[in-house]
Number of protein chains: 2
Amino acid sequence: MTQPFADRLADAVHEKASCLVVGLDPVLERLPAAVLEGLDDERDPRRRAALAIARFDAAVLEAVAPYACAVKPQLAFYERWGPPGLEAYEQAVAAAHDRGLLVIADAKRGDIGSTAEAYARAFLTPEAPGATADAMTVNPLLGKDSLSPFLDAVRSAGAGLFVLVRTSNPSASEIQDLVADGHPIHEHLAGHVDHWGRDFVGESGFSSVGAVVGATAASRLERLRKKMPRAWLLLPGVGAQGATPEDVAAAFDGRGLGAVVNASRSVLYAFGDRERTDWTDAVGDAARSLRDDLRRVMETARRGSGSSRSPVP
Amino acid sequence: MTQPFADRLADAVHEKASCLVVGLDPVLERLPAAVLEGLDDERDPRRRAALAIARFDAAVLEAVAPYACAVKPQLAFYERWGPPGLEAYEQAVAAAHDRGLLVIADAKRGDIGSTAEAYARAFLTPEAPGATADAMTVNPLLGKDSLSPFLDAVRSAGAGLFVLVRTSNPSASEIQDLVADGHPIHEHLAGHVDHWGRDFVGESGFSSVGAVVGATAASRLERLRKKMPRAWLLLPGVGAQGATPEDVAAAFDGRGLGAVVNASRSVLYAFGDRERTDWTDAVGDAARSLRDDLRRVMETARRGSGSSRSPVP
C-alpha cells in the first residue's frame with residue numbers, strides 16, 4: 001500500500017522546507033524561443049506545440065525541483081493540443097516524478113458516478129501504462145456520488161484530492177458566496193470536504209481529501225481553515241492573481257504545515273523576454289525567491305503557535 | 001459565419017423529427033465481442049482499447065444516425081485511455097459529422113479565465129487540425145468569467161454551450177438544491193444562463209447558450225423551463241437513470257422544440273449479450289423506439305398548445 005498522499009505531501013514539504021507548488025500552464029505563445037529551435041521540420045502543428053511544451057516542462061522542472069514540493073500541470077493547456085498534448089502531459093508527470101516532485105493534476109473534473117470513475121482511472125489509477133498523478137483537483141457541484149470514485153482512489157491507491165471550495169477568480173462569488181441557511185455555499189462545501197476527508201487522515205494529522213481555497217481573502221481563508229482543520233489546502237492566487245505570501249499565513253498550523261501555495265505564471269514566465277538564453281535561471285530564481293518568502297510565513301506560523309512539534313528545518 | 005448552434009440544432013430536430021441525443025459512453029468491458037476481433041496483435045492496451053472504441057462508435061453512429069439529431073461523446077471514457085483514447089474521440093467527432101449528426105462534447109469543464117480559454121480551444125475552436133464539436137457542456141461553479149472564453153466561441157464560431165443547472169444524479173441536491181435568497185442554487189444558475197444567453201438567440205427563437213437539466217423531476221423541469229424560456233435544454237436521465245419520455249413533456253414549446261433528450265447506456269448497450277453478432281440492430285432498434293416515444297411527447301406538446309407554427313413533420 002502506498003503511503004497516503006497527505007503524508008507524502010507532509011514529507012515533501014518537510015524535506016524541501018517548502019510549501020511551493022509550481023503550476024505548469026504551458027502557453028505556446030509565451031514559451032522561450034530556445035525551446036522552439038529546430039522544430040520547423042515537424043509539420044503537424046499540434047505535435048510541434050507538444051514537443052516545445054515537453055522541452056519547456058523538462059527545463060522548468062529541473063529549475064524548480066530544488067524549491068518546490070510539487071507541481072500542478074493544468075490539463076487544459078495540454079488538451080488544447082489534442083492527443084500530442086496529452087502525451088506531453090504524461091511526459092511532464094514522468095519527468096516530475098523523476099525529479100522527486102509530487103504531481104497534482106489540475107483537471108477540476110466532476111461528473112455523475114460512472115463517468116467520474118472513468119476520470120479517476122484517467123488521472124489517478126490508470127489500468128494501462130499511463131501517467132499516475134499523486135492527486136487531482138475535482139469540482140463538487142454534483143455532490144458526493146460524483147466524488148465517490150475519486151474517494152475510492154484515495155482509499156485504494158493512496159491518491160489525494162483537492163476539492164474546489166472557494167476559487168480565486170473575480171466572479172467566484174456569483175455562486176460560491178451565495179448564502180444558504182446562514183452560510184455561504186463555500187462553507188457548505190468546506191463542511192462536506194471535512195466530512196468526506198475524515199476516513200483519510202494520515203500520520204501527519206492531515207487528510208488526503210484537501211481543498212482549493214483562493215488566497216485572495218485572508219479572513220475567509222482563516223474561517224475555512226477552521227471549518228476544515230484536517231484538510232490540506234491548495235492556495236492559488238499568489239503572484240499573477242495578486243495575493244501576497246502574507247495573505248496565506250492563516251492557512252498554516254503550528255508546525256508550518258497544512259497548506260501548499262501555487263504559483264504558475266509568475267514563476268513559469270519570470271524570464272520576460274522570450275529571446276533570453278538564460279531563461280531557466282530566471283525561472284529558478286523566481287521559484288527560490290517565492291519559496292523563501294513562503295518559508296518566512298511558515299516560520300512565523302510555527303513561532304506564533306509556540307509548538308515544538310516537527311519544526312520546519 | 002457559421003449558422004448559430006441554436007438554429008443548427010432546431011434544423012436537425014426538424015429534419016429528423018427527433019429530439020434524441022445518443023450519448024457515447026464507450027466502456028471497454030461492455031463492448032460487443034465483434035469490435036474486439038483481430039485486435040490481439042496490438043500490444044499497447046490503450047491503443048487496443050481505443051481501436052475497439054473507434055470501431056464501436058463507428059457502428060453505433062451508423063445505427064443511430066437516422067433517429068438522432070446529435071450525439072454526445074463523454075470525454076471521460078476517452079481520456080481514460082490517454083492519448084490513443086483522445087484520438088478515438090476525434091474519430092468519433094469526424095464520423096458523427098460525416099453522418100450529419102451534431103456533436104455535443106460532454107466535458108463539463110469550468111476553470112479560471114485563461115484556463116477556460118485553453119479548454120474552449122481544445123473543444124470548440126481548435127487552431128490546429130483537430131476535432132471541432134458543435135457544442136459542449138460546461139460547469140458554472142466558478143461564475144461568469146470562467147465561461148467568458150466559451151461565450152466568445154459562441155460569438156465567433158457559432159458554437160453552443162450547455163451549462164450545468166440541475167443534474168440528474170442522486171446527490172445533485174447536496175449543492176444544487178441549497179436555498180439562497182429564497183431560491184435553490186439551480187434556479188440562480190438558471191437565471192445566469194438566461195442572462196448569458198440573451199445575446200445569442202437565433203432565428204429559431206432559442207439561444208446557443210443552453211442548460212443541462214436532469215429529467216428526473218417533472219415539476220422542477222417545468223419551473224426551470226419558465227426561468228430559461230429561450231434556452232435549449234439538454235435532458236439526461238431518460239432510460240438507465242429512470243426517467244420516462246413523459247417526464248420531459250414540460251420542456252417543449254408549442255412547436256415541439258426547445259429540448260433534446262439524451263440516452264446513453266440504454267441505447268449503446270441495448271444488445272445485452274456481448275456475443276450477439278447482430279448487436280447493431282439492437283442499438284438501432286433502441287434508438288428508433290426511443291425516438292418514437294419522444295416524438296409522441298413532442299406531438300402532444302404541439303397539439304396541447306394549439307400552435308400552428310413550424311409543425312413537427
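**View 1. The interface between chain A and chain B.** In this predicted model, 61 residues of chain A are in contact with 61 residues of chain B. The size of an interface is often expressed as the accessible area that is lost when the parts come together. Between chain A and chain B the buried area is about 5000 Å², and carbon and sulfur atoms give 59% of that area. On the side of chain A, the residues A:Arg80, A:Leu141 and A:Ile175 supply 14% of the area that this chain buries against chain B, which is more than any other three residues supply.

**View 2. Polar contacts and residue classes at the interface.** Across the interface of chain A and chain B there are 29 residue pairs in polar contact, with both residues of each pair at pLDDT 80 or more.

**View 3. Salt bridges between the chains.** The structure holds 48 salt bridges over all chains, and 8 salt bridges are found across the interface of chain A and chain B. In one salt bridge, the side chain of A:Arg46 meets that of B:Glu90 at 2.7 Å, taken from N to O. In another, the side chains of B:Arg109 and A:Glu79 meet at 3.0 Å, again from N to O. Because B:Arg109 lies in strand 3 (residues 102–109) of chain B while A:Glu79 lies in helix 3 (residues 76–79) of chain A, this pair joins two chains.

**View 4. The largest pocket and its lining.** The largest pocket holds about 170 Å³ of space, and its lining includes A:Asp25, A:Phe77, A:Arg80 and A:Tyr269 from chain A together with B:Ser114, B:Glu117, B:Ala118 and B:Arg121 from chain B. Helix 5 (residues 113–123) of chain B gives the most to this lining, with 4 residues. By class, the lining of the pocket has 4 nonpolar, 1 polar and 7 charged residues.

How values were computed: Residues are numbered from 1 along each chain as its sequence is written. Chains are lettered from A and ligands numbered from 1 in the order in which they are written. This is a predicted model: local features need pLDDT of at least 70, side-chain atom pairs count only at pLDDT 80 or more; totals for chains, interfaces and linings use all residues. Side-chain values use heavy atoms; hydrogens and water are left out. Contact means heavy atoms within 4.5 Å. Buried area is the accessible area (1.4 Å probe) that two parts lose on being put together, summed over both. A salt bridge is a side-chain nitrogen of Lys or Arg within 4 Å of a carboxyl oxygen of Asp or Glu. A polar contact is a pair of N or O atoms within 3.5 Å; within protein, one must be able to donate a hydrogen and the other to accept it, and residues adjacent in sequence count only if both atoms are side-chain atoms. On a 1 Å grid over the protein atoms alone, a cavity is a set of points where a 1.4 Å probe fits but cannot get out, and a pocket is an open set with protein on both sides within 12 Å along at least five of seven lines; lining residues have an atom within 4 Å of a point. Grid points are joined across faces, edges and corners, and a volume is the space filled by probe spheres set on the points. Ala, Val, Leu, Ile, Met, Phe, Trp, Tyr, Cys and Pro count as nonpolar, Asp, Glu, Lys and Arg as charged, and the others, Gly among them, as polar.
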